[in-house]
Amino acid sequence: MTPAFSMLLARHPAVQVAAGLCYGRLDVDLATGWQDCVAGWKRIWCDGTVARSSGTMGAPLPSEIRVFHAPASRCALSAQLLVDVSGQGAQAGQRPMACESDSRLAELDFGTWENRLWSDVPRDALDEWADNPMGYAPGGGETVQALSHRVTGFWQERMAAAQDCCIVTHGGPLRVMLALAERRPFEVSDPAPAQGAAILLHFFNNPGGFVAQKPPIR
């Protein structure tokens, strides 16, 4: 059975930061060799998707496959390279890709904790967060509940569009999207994919909504 549309969820490659550093919105550099990771995403996408002549219900396909990414440079650079390498040696019927930044894909804002070692964050503040993991704003930044709300809004738009796409983002948003793909509530204990991991989801147009089939993380 051919899926109605497919979606690649990718976490940015490994970054070059001091061990134990708190960073969310902080812009940090990608580690050496990150380009090889993006080349792997291309293989996952090209090996796991099919060329389509029309969209759901026979609707015409957009001219390009959109690659949505978080604003941080570690995501933007990775997304742009994915677009570039996907255009190299493209086969007949394959549509080109195009980048699009979306602020809803940003990582959690840790406020004044950003660029500090976790070991330097006051113990009582960490305890407050542990007592209220969804509603506490670390460092006066953003709550996990707020992150979940904005990511859910983005996800609902992609489900309504029902079009092939790639998403390059961070661990926090990916945890929420994977729960949504499995059609279950997001839980704070949900693990994030490793940096550089990519998951290809296939959606089938079944009565009652689209259902994702998730192959193992590669």
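This is a predicted model: local features need pLDDT of at least 70, side-chain atom pairs count only at pLDDT 80 or more; totals for chains, interfaces and linings use all residues.
View 1. Trp129 is buried, at 18% relative accessible area (buried means under 20%, with a 1.4 Å probe and protein chains only). Phe110 counts as buried too, at 10% relative accessibility. Their ring centres sit 6.0 Å apart with planes at 75°, so this is an edge-to-face pair (rings of Phe, Tyr and Trp, its six-membered ring, pair if centres lie within 6.5 Å; planes over 60 degrees apart are edge-to-face, under 30 stacked, the rest tilted). Phe110 comes from the loop between strand 3 (97-101) and helix 3 (123-131), while Trp129 is in helix 3, 19 residues apart.

Numbering runs from 1 along each chain as its sequence is written, and side-chain values use heavy atoms, leaving out hydrogens and water.

**View 2. Phe5 stacked with Phe203.** The structure has eight aromatic pairs. One of them, Phe5 with Phe203, is stacked at 4.6 Å centre to centre and 5° between the planes. Phe5 belongs to strand 1 (residues 5-11) and Phe203 to strand 5 (residues 198-206), so the pair ties together parts 198 residues apart in sequence (strands are DSSP E runs of at least two residues, helices H or I runs of at least four, numbered from the N terminus). Phe5 is buried at 0% relative accessibility, and Phe203 at 1%.

How values were computed. Buried means under 20% relative accessible area, exposed over 50%, partly exposed in between (1.4 Å probe, protein chains only).
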